[in-house]
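Thanks for coming. I will walk through one model today, going from a definition to the sheet, then to a few single residues. Please have a look at it first.

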Amino acid sequence: MSHPQWQVISAESVILRGALDRDTVPQLWPVIQSWRASAPQCDVSLADVERIDSAGMVMLIHLIEHAKRQNCHIMLSFVPQQLRTLFQLSNIETMMAQHITHQPE
């Protein structure tokens, strides 16, 4: 199963693209749920994410839990400011800090 917004590059690398919002998450989540982690850590690049809302944030949290059940640690790279703000507003930035790759400014 594939989806244009979810591109598996390798066992250690995935790219998410486009809008991650209440309109796109319902179609995207079954594809992500069918993904099977095969590495101890996987980088999920958000560099090509155009827009994200709370539904997208919740989907990423569920992705982290889905991977954890498969003994894989998810690291999010190129986290957009919009998502960082949602983490702050939801009071989960401390919890999410261990899943964010720190990019050079």
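Let me begin with a definition: a residue is buried if its relative accessible area is under 20%, exposed if over 50%, and partly exposed in between, using a 1.4 Å probe and protein chains only. By that cut-off W6 counts as buried, because its relative accessible area is 6%.

Some housekeeping. This is a predicted model, where local features need pLDDT of at least 70, side-chain atom pairs count only at pLDDT 80 or more, and totals for chains, interfaces and linings use all residues. Residues are numbered from 1 along each chain as its sequence is written, and side-chain values use heavy atoms, with hydrogens and water left out.

Now the sheet. Helices (H or I, at least four residues) and strands (E, at least two) are DSSP runs, numbered from the N terminus. Two strands pair if DSSP finds at least two bridges between them. In general, strands of a sheet pair through backbone hydrogen bonds, either parallel or antiparallel.

Here, four strands make an open sheet, ordered β1-β2-β3-β4, with mixed pairing. At the edges sit β1, residues 6-10, and β4, residues 73-77, each pairing on one side only. From one strand to the next, the twist averages 25 degrees. Angles like this run from 0 to 180 degrees between N-to-C directions, and the axes are lines fitted to C-alpha atoms, for helices over the stretch in contact.

Take the pairs in order. β1 and β2 run antiparallel and are joined by four bridges, and a hairpin of two residues connects β1 to β2. W6 has L16 in β2 as its bridge partner. β2 and β3 run parallel, with seven bridges between them, and L20 is opposite I52 in β3. β3, residues 41-52, pairs with β4 in the parallel sense over five bridges; there V44 is opposite L76 in β4.

Is β2 largely enclosed or open? Six of its eight residues are buried, so β2 is largely enclosed by the rest of the structure.

Next, the helices. β2, α1 and β3 form a right-handed β-α-β unit. Right-handed means that, with the strands pointing away from the viewer, the path from the first strand over the helix to the second runs clockwise. Helix α2, residues 54-68, lies across β1, β2, β3 and β4, and runs at about 170 degrees to β3. Contact in this case means heavy atoms within 4.5 Å.

Rings of Phe, Tyr and Trp (its six-membered ring) pair if their centres lie within 6.5 Å; planes under 30 degrees apart count as stacked, over 60 as edge-to-face and the rest as tilted. How many aromatic pairs does this rule give? The count is one. W6 and W35 make an edge-to-face pair, at 5.7 Å centre to centre with 75 degrees between the planes. W6 is in strand β1 and W35 in the loop between α1 and β3, 29 residues apart, and the pair links distant parts of the chain. W35 is also buried, because its relative accessible area is 9%.

Last, two asparagines. Most residues other than glycine have a negative phi. N71 has a positive phi, near 60 degrees; N71 is in the loop between α2 and β4 and is exposed, at 67% relative accessible area. N91 also has a positive phi, near 60 degrees. N91 lies in the loop between α3 and α4, and is exposed at 68%.
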